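Keep the sequence and the structure at hand while reading.

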Amino acid sequence: MLQLLDEDNYAKEMEEKVIPLLERTGRTEFVDGICREHYEIDSAKADVIVMHGYSEGLYKYRELFYHLICHGYNVHALEARGHGRSVATLKDDNKIHIENFDDYVSDLAKLADSIEGRRPKYLIGHSMGGCICLRYLETLKNEISKLVLSSPMARLDTHGIPEFPSLVISRNACRRGKAENFIFGQMEWLEKNDTFDRSAASSKCRYEYFRNFRTEHPQYRKSGASYAWIREALTAERKARKESGLIKIPTLLFEAEKDDYVDTRFFSHLKMDKLRIVRTTGTKHEVLNSDNSVLEKILDIMFSFLDNDECIDSN
């Protein structure tokens, strides 16, 4: 039975319910500079691998880990390079930067390959993490049998500039020696700019918990992207859409009602035969950080899918 946290006492519930369970079942390791977390229980039904989104860290997924563990799953996750505790990708480490998107994919593959293979392996990816999951499944041999996508980066919202011109602009900036510069209009994380209205979460208590954590932990304050990152992201998303037909496993995709980060119209460009899109209401980009009334429905659908291959296309 799914029991959500009390939203009126969210921080307390996190500290008294979620964190103790994670501490009892979890361990953290660093492999080649990449921070990995593992949460393992007796008689787990499957191993679930979680890939977070752009500028995030695993602190945002503790509640999801908690529900997965309570539902009988092992959980494995990493912080993408240049994010959180993982190896920096720039000396000036206040922005999100990558030289090659395939580095993200390779790090995910190494984590997946390290997990003992006697149980099924499932994959959950949010936003940038969703694109990483798509590229992993499209390009590398793997044993993943189910995929869950939360607002995947199938097409970044480039605010009125078409995708290919955006890619040309970023490539030209990189050729002119600006690969490590902030994209025009973006900047480092500033506490005063981090507000609920601007956030990708629709649950205020969850947003406030994440914001407080970010404020207290400098390694999670990275924000704006470099020109190299946008070049790599735009290139990867185009490949992800084009080659998505190679993915033959059951796939569940959650689409937000109001998404300011990815263009949800491009979800229909994904070509997986076994894709089901669930269009949620009352949600922003971070659909897993919605109010309980919405989150309960999302998690019920997700666990029905993971447990039984059931997937409801619902508005």
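Helix α8 has 17 residues, which at 1.5 Å a residue should span 24 Å; its end C-alpha atoms lie 23 Å apart, so the two values agree. The model is predicted.

**Helix α8**
- The buried residues of α8 (292–308) are Asn292, Val294, Leu295, Ile298, Leu299, Ile301, Met302, Phe303, Phe305 and Leu306.
- Cover for these buried residues comes from elements including α2, β5, β6, α6 (204–216), β7 (251–255) and β8.

**Helix α4**
- Helix α4 covers residues 128–139, and its 12 residues should span 16 Å at 1.5 Å a residue; the end C-alpha atoms are 17 Å apart, which agrees.
- Because 11 of its 12 residues are buried, α4 is largely enclosed by the rest of the structure.
- The buried residues are Met128, Gly129, Gly130, Cys131, Ile132, Cys133, Leu134, Arg135, Tyr136, Leu137 and Glu138.
- Among the elements that cover them are β3 (47–51), α3 (102–114), β5 (121–126), β6 (144–150) and α7 (227–242).

**Nonpolar cores**
- The largest nonpolar core contains 52 residues, and Phe101, Tyr104, Leu123, Tyr136, Met153 and Trp229 have the most contacts inside it.
- Two or more residues of this core come from each of β3, α3, α4, β6, α5 (163–178), α7 and β8 (275–279).
- Helix α7 provides the largest share of the core, with eight residues.
- Apart from neighbours within four places in sequence, Tyr104 is in contact with Ala80, Arg81, His83, Ile96, His97, Ile98, Met128, Ile132 and Trp229.

**Cavities**
- There are three cavities of 30 Å³ or more.
- The volume of the largest cavity is about 160 Å³.
- This largest cavity is lined by 19 residues, of which Lys60, Tyr61, Leu64, Leu288 and Asn289 are the closest to its centre.
- Helices α1 (10–25), α2 (62–70) and α8 each contribute at least two residues to the lining of the largest cavity.
- Helix α2 gives the most to that lining, with four residues.
- By residue class, the lining of the largest cavity consists of 10 nonpolar, four polar and five charged residues.

Technical notes:
Residues numbered from 1 in each chain as written. Predicted model: local features only at pLDDT ≥ 70, side-chain atom pairs only at ≥ 80, totals over all residues. Heavy atoms only, no water. Expected span 1.5 Å × (residues − 1). Buried < 20%, exposed > 50% of the residue type's maximum accessible area, 1.4 Å probe, protein only. Contact = heavy atoms within 4.5 Å. 1 Å grid on protein atoms, 1.4 Å probe; cavity = no way out; pocket = protein on both sides within 12 Å on 5 of 7 lines; lining within 4 Å. Points joined across faces, edges and corners; volume = space filled by probe spheres on them. Nonpolar A, V, L, I, M, F, W, Y, C, P; charged D, E, K, R; others polar. Core = buried A, V, L, I, M, F, W, Y, C linked by side-chain atoms within 4.5 Å.
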